[in-house]
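Hello,

Here is the structure I promised to pass on to you. Please open it beside this email and follow along as you read.

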Amino acid sequence: MQETQILSTRPQPLPETPSDGLGRRVLVFDACHVGVVLRSVLFVETVLAVGAMFGAESPLAWLARLSLLTGGALPATLAWLITACSLKTVLQRRSVALQCAAGVLIGALAGCYACGMLVLVGVPDGPPWLASAASGALLSAVLVAALLLRARARTPAATTARLSELQSRIRPHFLFNTLNSAIALVRDEPARAEALLEDLSDLFRHALVEQGESATLAEEIALARRYLAIEEVRFGERLRVQWVIDPRTGGAQLPPLLLQPLVENAVKHGVEPAPQGGKLRVTTELRGSRAVVTLTNTVPPGGPRPGGAPRGHGIALANVRDRLRLLHDVQCDFSAGMHNGLYRVRISLPLRA
């Protein structure tokens, strides 16, 4: 087994350079990301809207000036995003300082491009090339600084989420129950006991080894299968699991160790409290260019609490939602709650090649 850090180990200081779980440098401003594109355009338009107020004698004059400025600045903003996206692979190999300098330089060139667009329509009498370049560089610097802070925030957030999930996952009672089940099977069904211990070993190996920034949906499904195989031995016929997996969705990216806590919640809060047990259904399907993961489980007698979620789901679900947003930003969709008498968790992800 690989050497790993344990929870009592003193935490390492946070690096000044943003990196993923494997120590590799991370692109501090991913202009290919939909969330970055939307925020960049919105930020530039907000600055233009405020700047257009100066000298505007009426709301109509302000709107006309804003439209004119947008005609020059919007293509320049898109040019900045396209250029930064095209240079993504090159920039990722460079240090953070060089990435920031490149972003500001591209912004200055984009400012000159915006000025040139306005010159083509004959707006400024004396083209303010220097002021346009400085404005583009300043706006780019603000954008890059904001994205750099977000990239640095990913490391402690991901670490905190991982430790929280690790503590909630490796509970002593789960380990003891699994070992007791294996002991009971050793004499009568040794092959089944061996398979149970292999599943337990693999589950702990995935939970304890250092994880990267993301894992594939296929890997998460395989880990969830091993966890449920252990629980099926313990619960027997009380736990009924149905899998409907579309292999085309296996390449979708998830934060590591994200699916298993959702499955564990379904067993703990939906199956274990019910005397007659319960049913868990896991489905994945391809919808256009997105992978949709759905987990549904029955609820124990008495139904969910008034808030709409079975007791105990809240913290883990909030953790899952935050980790998904860190990885996919606005490109993911997460929902959880009662649906047709069952508790349902639904995750929609972009399917990357």
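**Salt bridges**

Arg248 forms a salt bridge with Asp246, and their closest N and O atoms are 2.8 Å apart. A salt bridge here is a side-chain nitrogen of Lys or Arg within 4 Å of a carboxyl oxygen of Asp or Glu. Arg248 is exposed, with a relative accessible area of 55%, whereas Asp246 counts as buried at 13% relative accessibility.

The model is predicted, so local features need pLDDT of at least 70 and side-chain atom pairs count only at pLDDT 80 or more, while totals for chains, interfaces and linings use all residues. Residues are numbered from 1 along each chain as its sequence is written, and side-chain values use heavy atoms, with hydrogens and water left out.

How many salt bridges does the rule give? The count comes to four. One of them joins Glu231 and Arg234, with 3.2 Å between the closest N and O atoms. These two residues are three apart in helix α8 (residues 217-235), so about one helical turn separates them. Helices (H or I, at least four residues) and strands (E, at least two) are DSSP runs, numbered from the N terminus. Is Glu231 buried or exposed? Glu231 counts as buried, at 2% relative accessibility, and Arg234 counts as partly exposed, at 27%.

Another salt bridge brings together the side chains of Asp333 and Arg346 (3.6 Å, N to O). This pair links distant parts of the chain, as Asp333 is in strand β6 and Arg346 is in strand β7, 13 residues apart. Asp333 is partly exposed, with a relative accessible area of 37%.

**Strands and hairpins**

Asp333 stands opposite Ser348 in β7. Which residue takes a positive phi in the hairpin of β6 and β7? That is Asn340, with phi near 55°, in a hairpin that has two residues between the strands. Asn340 is a residue other than glycine, and it is exposed, with a relative accessible area of 70%.

Strand β4 (residues 278-287) has two partners to find. With strand β2 (residues 239-244), β4 pairs in the parallel sense over six bridges, and Val241 stands opposite Leu280 in β4. Eight bridges join β4 to strand β5 (residues 290-297), and these two run antiparallel. Arg281 has Thr296 in β5 as its bridge partner. The hairpin of β4 and β5 also has two residues between the strands, and there Gly288 takes a positive phi near 65°.

**A ring with a charge over it**

Look next at Trp243: the charged end of Arg225 sits over its ring, 4.4 Å from the centre. The rule asks that NZ of Lys or CZ of Arg be within 6 Å of the ring centre and within 35 degrees of the ring normal.

Enjoy exploring, and write back with any questions!

Note on methods
Two strands pair if DSSP finds at least two bridges between them. Buried means under 20% relative accessible area, exposed over 50%, partly exposed in between (1.4 Å probe, protein chains only).
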